[in-house]
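Please open the model in your viewer, with the sequence panel beside it, and follow the stops below in order. Each stop says what to select and then what is to be found there.

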Amino acid sequence: MARIESTGATSWENRHLTFTQEIEDLCDMWNGDEGESIDRYNKMTDAIRQEIGKVISKGIPIRALGGGWSWTRIATCAGRMLNTKGLNTVFKISDANVSPQYQGESGSLLFAQCGNSILELNNYLRKKGRSLKTCGASNGQTIVGAMSTGTHGSAFDFGAVQDFVVAIHIITSPDTHYWLERKTYPVAAETLPGKFGAELLRDDEVFNAALVSFGSFGFIHGVMLETENIFLLECYRMRLPFSASLDHLMTTLDFSQSGSLPLNERPFHFQALVNPYDMDAGSYVNVMYKRPYRTDYNPPVATAGGLSPGDDAPAFIGLLAEVVPAATPLIVNALVGSSYKPYSNLCGTLGEIFTNTDRRGKVLSAAIGIPLDRVVMVKDLLLTTNDKNRFAGVFAFRYVKATKATLGFTKFSPITCVVELDGVFSEKTLEFYRDVWEALDRAQIPFTFHWGKVCEIDQERLEKMYGSNVVSWIKARNRLLDRDSLSAFTNQQIMDWGLTQPVAGEPFIT
């Protein structure tokens, strides 16, 4: 039978060891081992519904816990936290269970229970000759955790993790659970939700809001994913001088004149990393080109420091200890030079290039989304801010196609540049972040915060970033959850952000 077992823990620490959350209890979750897979899944649905009823009767909040990768308290609550990592069933979808109106290929669909990690899904799909469309720099996140915080990857012709999710099974109360899809993009045959005991709800506004909802719309038990044929990435990392040509590339992604890159074609992935203490040697530029899969390639191996080609700066920047400002340039240069070496013509699958990173040491990471045409302005702003307040870290610029998710931070169309600020764990780093946010506001540069990384958001700033989308998100939440469940799936973070305000006149679905 399905098990939800108390661990007795009354505190929880995130993966990066940057905060501790006091809680009422932490519970581990495990599927049963009797019956068919769908029967075991449905029994877990029943157990989750009962658990929601228990916390409602006690008047405490509840939260599903993924991989614990977020730097913020977005995935936590002061009540009961449910560890989902034991919930890793996957289901293939037969043609009979696909809507006749589905616009994709039925063979691309996979239904994954919430606790599946990106690593587990990569391994499963590879055996089937399939692949995820994109992923973040590490594969340790659960699929629902990555989706719910807008984990972005760097596929600027596709989008972020939530953009390959096409259906959501969400449990909203002891009595209700829904199979959510877009009305404009039906996926499942109308009989499929009934096999999960769920009510079918096709609504674009509710679905787009639920995609990036931080666990605040209910317990997301499973998601339908669109996958693709397995492919290889041909990868390069080089140093390119800062120049008008590189600035043009970083603000346009026009690769037709990119003679300094290895190949004169549009890549799958493009990133520029800036070490502010080694500007004369230029930017580290990463490019990855999509290739058909073949078996005669040599998979990449980790470096002596345990780093893989797709690792981002947090994988190694935690090796920095807090340093006095005078020593910062020397130490940052030494660490980046030893950990972030150029490479050429490395090939691997998505899961081989972006592996299950083992973070080393404490690190702070912030990331913002900005419009593509503001990239050089923001780069110069960062360097100017660093002249006044030395940052023990590096800056990276990655690119992602704009998302349809209502509060997806990669919102700038057609392509969002994600600026990542990865630095040593210290108050000095937090001061630098605050200086950057203030400088962006003064320069009137629009930006959004990555939900799972260090950010400073209040209701006023949230409305400035997302405008009417804030009200749309709140309306969708108020429609989906009854009053008891609204309280149960609230935490201090979304209260501080102003995302729990009532919206007059909005009826509940139930």
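Begin by selecting W451, which, once neighbours within four places in sequence are left aside, is in contact (heavy atoms within 4.5 Å) with T72, I74, T149, V212, F214, L407, F409, I457, L462, Y466 and W497. Before going further, note that this is a predicted model, in which local features need pLDDT of at least 70 and side-chain atom pairs count only at pLDDT 80 or more, while totals for chains, interfaces and linings use all residues. Residues are numbered from 1 along each chain as its sequence is written, and side-chain values use heavy atoms, with hydrogens and water left out.

A nonpolar core here is a set of buried Ala, Val, Leu, Ile, Met, Phe, Trp, Tyr and Cys residues joined through side-chain atoms within 4.5 Å; buried means under 20% relative accessible area, exposed over 50%, and partly exposed in between, with a 1.4 Å probe and protein chains only.

Select V165 in strand β10, where helices (H or I, at least four residues) and strands (E, at least two) are DSSP runs numbered from the N terminus. V165 has a relative accessible area of 1% and is therefore buried. Not counting residues up to four places away in sequence, V165 touches M147, R182, F207, L211, V223, M224 and L225. Show E226 as well: its C-alpha is 6.4 Å from that of V165, although 61 residues separate the two in sequence.

T172 counts as buried because its relative accessibility is 1%. Its side chain makes a polar contact with the side chain of T176 at 2.6 Å; such a contact is a pair of N or O atoms within 3.5 Å, where within protein one must be able to donate a hydrogen and the other to accept it, and residues adjacent in sequence count only if both atoms are side-chain atoms.

**Helix α10 and its partners**

Select residues 375-388, helix α10, whose 14 residues reach 21 Å from first C-alpha to last, close to the 20 Å expected at 1.5 Å a residue, the expected span being 1.5 Å times one less than the number of residues. The buried residues of α10 pack against α6 (244-252), β19 (363-371), β20 (393-401), β21 (415-424) and α11 (427-442).

Keep α6 in view with α10: the two pack at an angle of about 115°, with their axes 8 Å apart. The residues making this contact are D247, M250 and T251 of α6 and V375, V376 and K379 of α10.

**Backbone details to finish**

Most residues other than glycine have a negative phi, and most peptide bonds are trans. Select L253, in the loop between α6 and β16 (269-274), where phi is near 55°, a positive value in a residue other than glycine. Phi of N345 is likewise positive, near 55°, and N345 is in strand β18 (residues 343-348). L253 is buried, with a relative accessible area of 2%, whereas N345 counts as partly exposed at 45%.

Where does P414 lie? P414 is in the loop between β20 and β21, and the peptide bond that joins S413 to P414 is cis, with omega near 0°.

Technical notes
Axes are lines fitted to C-alpha atoms, for helices over the stretch in contact, and angles run from 0 to 180 degrees between N-to-C directions.
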